Amino acid sequence: MNRIIVTGGLGYIGSHTIVELKDSYDEFVIIDNLSNSEESVVERLRTLTKKSILHFNISINDELELDRIFQSITPKHVIHFAGLKSVKDSEEKPYEYFLTNVAGTASLLNSLSKHQCENFIFSSSATVYGEPKYLPYDENHPTIPINNYGRTKLAAEQLINQWATLNKVSSLSLRYFNPVGAHSSGMIGEKPVGVPNNLMPYILEVISGKLKCLKVFGDDYNTKDGTGERDYIHITDLARAHVAALNYSKSNRANDVINIGTGNSISVMEIIDTFKNSLSIKFEYDIVSRRPGDLPKYFAGTDKARKLLKWKAESTVLDMCRDSLNWQKHYNKL
Ligand code: NAD
Ligand code: UFG
């Protein structure tokens, strides 16, 4: 059977990627301990893909259980999404972040080396670069992360690089920029636990009335309108980058890192204005002081992704805001 192992496959990026891979595989084997996702996503994925979806509720740190699964299901192709992703929490709970993102990755790799893995794709982050020495960040930019989350992602990348070389596995670490939006069906999307830290989920909760007012963290940066700028990428574009990455990894012996962004830099005010002017959604916001640790602006160099993966992002900022809103409407009913 043509199947793929997806760790963290019930989460935000994993679930969207499975949907985009539906024409490439007959079965998706998800390893997800539900620490930041819900079992109900399994059924939604079955509906969206019409493919076999198996879910194992185990941790990537549990190497014995991984071995048991891989004895009956050969992990030829693997995408590794499972991990913790909050910059703020990573500063408060460094041990937890290293345990999951680094030791968890080591446990997964150790198990895979016993079970004939051929292709491995890893969810890394633009956070590995740190303070921009120049922009756009290209893949040769120095990697000096400024928070523990970024340090764990960089350590995992380095581990994967060495493991892939030793085990002759084709591997790619994809450095994502800022994923936003949701599947156009509105059936899957990002569901943060507690008060969201990130811009788009926060805006959605202000629009739905769960939160009162967006705090815009600073309007005195040296950016186009003073507010922070990021490279927001539609989740479906990001998911499709994994389809391209798997195709590339299968036909080339890769061991590389690739940025996955749009190459555009969008400000917080531009996002607010897109909701207001193009979707007629107005919400309250206040300009407050800068958030400690925030960089003013960064965006992706996309040449490598275009050249190697033959992939580029297609969606506009309006698509990102519209699909986020659509998910919010459905999500409120779930
Ligand atoms: P998410 O939290 O929605 O998904 C991660 C999934 O992994 C969740 O379903 C969670 O239950 C699972 N998980 C966590 N720890 C686990 C463990 N020990 N064993 C098994 N499953 C475990 O996050 P996401 O936004 O989908 O991110 C996926 C990956 O992409 C993460 O590794 C994250 O660091 C990386 N990333 C995310 C962003 C972003 O902004 N969302 C940006 C760059 C990189
Ligand atoms: N922002 C606000 N108000 C909010 C939230 C965010 O003004 O309530 C601003 C921030 O100051 C920043 C921009 O919106 O200028 C984006 O902030 P996010 O928190 O959405 O995203 P970050 O770029 O700070 O961080 C995200 C993820 C990290 C990841 C990084 C790079 O949270 O995990 O992108 O991929 F590492």
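Residues are numbered from 1 along each chain as its sequence is written, and chains are lettered from A and ligands numbered from 1 in the order in which they are written. Because the model is predicted, local features need pLDDT of at least 70 and side-chain atom pairs pLDDT 80 or more, while totals for chains, interfaces and linings use all residues; side-chain values use heavy atoms, leaving out hydrogens and water.

## Ligand 1

Start with the residues around ligand 1. A residue is near a molecule if one of its heavy atoms lies within 4 Å of it. By that rule, 29 residues surround ligand 1. The closest are Asp-32, Asn-36, Ser-37, Lys-85 and Tyr-149. The shell splits into 13 nonpolar, 13 polar and three charged residues. Here Ala, Val, Leu, Ile, Met, Phe, Trp, Tyr, Cys and Pro count as nonpolar, Asp, Glu, Lys and Arg as charged, and the others, Gly among them, as polar.

Helices and strands are DSSP runs numbered from the N terminus: helices are H or I with at least four residues, strands are E with at least two. Helix 1 (12–20), strand 5 (119–125) and helix 6 (148–167) each supply at least two residues of the shell around ligand 1. Strand 5 gives the most, with three.

## Ligand 2

Now the second ligand. The shell around ligand 2 has 22 residues. Thr-127, Asn-198, Lys-215, Arg-230 and Asp-294 are the closest. By class, eleven are nonpolar, six polar and five charged.

## Polar contacts

A polar contact is a pair of N or O atoms within 3.5 Å. The table lists such pairs for both ligands.

| Ligand | Residue and part | Distance |
|---|---|---|
| Ligand 1 | Ile-13, backbone | 2.8 Å |
| Ligand 1 | Ser-37, side chain | 2.7 Å |
| Ligand 1 | Tyr-149, side chain | 2.7 Å |
| Ligand 2 | Lys-85, backbone | 3.2 Å |
| Ligand 2 | Leu-199, backbone | 2.8 Å |
| Ligand 2 | Phe-217, backbone | 2.9 Å |

How much of ligand 2 does the protein cover? It covers 91% of the 690 Å² of accessible area that ligand 2 has on its own. Accessible areas come from the Shrake-Rupley method with a 1.4 Å probe. Helix 7 (199–207) and strand 8 (214–217) are the elements that give two or more residues to the shell around ligand 2. Strand 8 has the largest share, four residues.

## Helix packing

Two packed helices are described by the angle between their axes and the distance between the axes. The axes are lines fitted to C-alpha atoms over the stretch in contact, and angles run from 0 to 180 degrees between N-to-C directions.

Helix 5 (residues 94–112) packs on helix 6 at about 15°, with the axes 9 Å apart. Helix 5 and helix 6 are therefore roughly parallel, a label for angles under 35 degrees. Helix 1 and helix 2 (residues 40–49) cross at roughly 20°, and their axes come within 9 Å. So helix 1 is roughly parallel to helix 2.

## Backbone details

Which residues does a cis peptide bond join? They are Leu-135 and Pro-136, with omega about -5°. Pro-136 sits in the loop between strand 5 and helix 6.

Gln-116 has a phi near 55°, a positive value in a residue other than glycine. Gln-116 lies in the loop between helix 5 and strand 5.

Terms used: Polar contact = N/O pair within 3.5 Å; in protein donor to acceptor, adjacent residues only side chain to side chain. Parallel < 35°, antiparallel > 145°, perpendicular 65-115°, else oblique.
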